[in-house]
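Let's take a walk through this fold together. Have the chain open in your viewer and follow along.

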Amino acid sequence: MEIIREVASPVLVIDGGPHSAALLLALPDMDAESWPRRFVPASSDESIVEVARSLLAEYGIERPALSLVCGMGRHSEEELSAEGRASRITRWREELRQSSGALEACLHETMPDWEISPLLEAVKRAFGAALAADSGTAAVLAALGMEALRDRSWSEGVTVIFADDVHTQAFVLFREKLFGLYENHADLSRDALLVHLKEFRLNWLPDEQVRAAGGHGCICGDFPAEAEGFRPTWILGSRREELKGAGRLVSLCGDARFDRCFGMLCGLARRSGVQA
């Protein structure tokens, strides 16, 4: 596995999805392949915290040295409204502006306007120090955990697709930096998605067109000519088989449910100046 191989102290990682949560406990002196994992229904932030508390107790740990949390909310009426979807893309634009596309800069101690904020605050109350990111950030960081993708991004632009049970996201990267993104829901047909992605890569896809199809929106922009259309494509996520033939089907850790957890660890390593 092309993942971070070790940690110096216990790190709890939580990927809180709309319908389930993936928990990973990264432990020193243990192979990454053997790090404890839990996959549970995400009925509430409190229930996720209780599962995390139980997992830590199994290994005699009261509090991890750090918790990493990612997610995209639980599809409240506010999040699903046209205003909520537009607001999310506005937040992403600001995130890209402030980070200059460096995904490791998108791990934050507080994320007050993002969907992940309630879970982050619950984890901080329970376990102390924590960093959070949107699940899209975690997905791209999982992709950047793959050496072949990182290397390819220095010669031409690449596309990363993360297809899970609820969302389909696409990200365009060049020289390990994020230049644009696309977000829609899993019920969009394959044909419609591929048309959108073709236009997205060419910088032709209007944000409003994506929302008119029920999605969150997209961010195109000043795509560098050297990216050459971001043709090489890596596809991750639990629904990646549905996109067979549209790119390479991959998983960072061998289990799509935990790819974003390992992506968060890769982001932590990049943030610390250590290549994941």
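How many bridges join S2 to strand S3? There are five, and the two strands run antiparallel, with S3 covering residues 37-41. Before we go on, note that this is a predicted model, in which local features need pLDDT of at least 70, side-chain atom pairs count only at pLDDT 80 or more, and totals for chains, interfaces and linings use all residues. Residues are numbered from 1 along each chain as its sequence is written, and side-chain values use heavy atoms, leaving out hydrogens and water.

Back to that strand pair: Leu24 sits opposite Arg37 in S3. On pairing, the rule is that DSSP must find at least two bridges between two strands. S2 also pairs with strand S1 (residues 11-16), again antiparallel, this time through six bridges. There, Asp15 faces Ala22 of S2, and a hairpin of three residues links S1 to S2. Strand S2 itself spans residues 20-26, and six of its seven residues are buried, so the rest of the structure largely encloses it. Buried here means under 20% relative accessible area, with exposed over 50% and partly exposed in between (1.4 Å probe, protein chains only).

S9 pairs with S8 (residues 177-185) in the antiparallel sense over three bridges, and Tyr182 has Cys218 in S9 as its bridge partner.

Now zoom out. The protein chain has nine helices and 11 strands; these are DSSP runs numbered from the N terminus, helices being H or I with at least four residues and strands E with at least two.

Of the 276 residues, 58% count as buried. Looking at contacts (heavy atoms within 4.5 Å), residues 24 or more positions apart account for 63% of those with a separation of 6 or more.
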